[in-house]
Amino acid sequence: MPNSIVLGTGRSVPARSVPNREFEAVMDTTDEWIRTRTGIESRHWISPGETGVELGRRAAVAALEMAGIGATDLDAIVYATITPDHFLPGNGVFVQRALGANSIPAIDIRQQCSGFVYALAIADGFIKAGVYRRVLVVGQEVQSTRMDVSTRGRHTAVLFADGAGAVVLGPCDDPQRGILGYDLHTDGRLAEKLWVDEPGAIRIPTIDQGRYQEGRYFLEMDGKEVYRHATQRMPESVQTCLGKLNLTPADISLLIPHQANLRISEAVQKGLGLSDAQVYNNIQRYGNTTAATIPIALDECVRASRIEPGDLVVLTAFGSGFAWGTVALRW
Ligand code: UT7
């Protein structure tokens, strides 16, 4: 059975950068509150006319270029997003079309903040089984248009942002390299702690002005509860994933935690006993781009030569569902 290795990475964010100060004009918040509680300084939000598909396409093109292959060499696409441009079909087929790929399967998954980790595991399964050789994995979100940009929504609007990251995976016969293992979980008992209730298909009528005004179409989050679980589940999952591989946190060259809050990343680092050099954070410049945080950070690290051949790279995420998980790769 071949292992899956990363052949190329890419990222794309909207041109518009939104500094914390912009929120001060439209809601009761301060730059200081946002920096202290979350670590975020600015984030990228789309402007009218920009699309999530275009962000995904650009990230994919960059990953394909680094991999040295064309879109027609791809065998499958696994696309993680909870903010598709349209209700259906998912963004995967639009990116398949925009890339000019063959009529390969484009599989859309959700899994919220853990979307990219789950997508990697799915792509790895195809490659290991010998079903597909070259798989494009994308994590992409446009969260900004779903935010309540008022004091009512200040606990979420300042956190979430837009962007895309992608990797191209391919097979490798060296069992010491590539995706070594993963650990995935959900706990649906806590689904309503972080969710968007409506517009759901069970609602009659599906769209209702009154329920929109009540805020039912915006993200609702019990921040403290999410924080508490995130800081426990991510270290736990990293330990489980590494334990199955007879590795320990001391073996980690680079941990990229999902970028939800710098304080959460710091707690995860502390929980695992890692040094600053072992952990990468970029939430300061991007905010929480949900399924895109990990591939954006991974691409930054690869292009800055922060990852060298032989490094143990660990990716861990936690979010709505609750869903969480970890992937360990030997570069
Ligand atoms: O990707 C996974 C999903 N998300 C997460 O992982 C996020 C997890 N949670 C968190 O990161 C934190 O809970 C938050 C950053 C969301 C909130 O930080 P906190 O330290 O837990 O604050 P809090 O919710 O306890 O709120 C403290 C106060 C409240 O005011 P009162 O009730 O004490 O008067 C909030 O209304 O801060 C207020 N507040 C704000 N104030 C200024 C909430 N948001 C803001 C804001 N600006 N943007």
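## What a pocket is

A pocket is an open set of grid points, where a 1.4 Å probe fits, with protein on both sides within 12 Å along at least five of seven lines. The structure described here is a predicted model.

## The second largest pocket

The second largest pocket holds about 510 Å³ of space. Its lining consists of 24 residues, and those nearest the centre are Met221, Gly223, Lys224, Tyr227 and Asn261. By class, 14 of the lining residues are nonpolar, seven are polar and three are charged.

Three elements each contribute at least two residues to this lining: helix H2 (31–38), helix H8 (223–244) and strand S12 (312–319). Helix H8 provides the largest share, six residues. Because domain 1 (3–172) and domain 2 (178–330) both supply lining residues, the second largest pocket lies between them.

## The largest pocket

The largest pocket contains about 1000 Å³ of space. It is lined by 35 residues, and Ile82, Thr83, Pro84, Arg110 and Arg146 are the closest to its centre. Strand S5 (106–109) and strand S9 (194–195) are the elements that give two or more residues to the lining of this pocket.

The lining of the largest pocket is made up of 15 nonpolar, 13 polar and seven charged residues.

## Position relative to the domains

Note on methods
Residues are numbered from 1 along each chain as its sequence is written. This is a predicted model: local features need pLDDT of at least 70, side-chain atom pairs count only at pLDDT 80 or more; totals for chains, interfaces and linings use all residues. Side-chain values use heavy atoms; hydrogens and water are left out. On a 1 Å grid over the protein atoms alone, a cavity is a set of points where a 1.4 Å probe fits but cannot get out, and a pocket is an open set with protein on both sides within 12 Å along at least five of seven lines; lining residues have an atom within 4 Å of a point. Grid points are joined across faces, edges and corners, and a volume is the space filled by probe spheres set on the points. Helices (H or I, at least four residues) and strands (E, at least two) are DSSP runs, numbered from the N terminus. Ala, Val, Leu, Ile, Met, Phe, Trp, Tyr, Cys and Pro count as nonpolar, Asp, Glu, Lys and Arg as charged, and the others, Gly among them, as polar. Domain bounds come from an automatic or database domain assignment.
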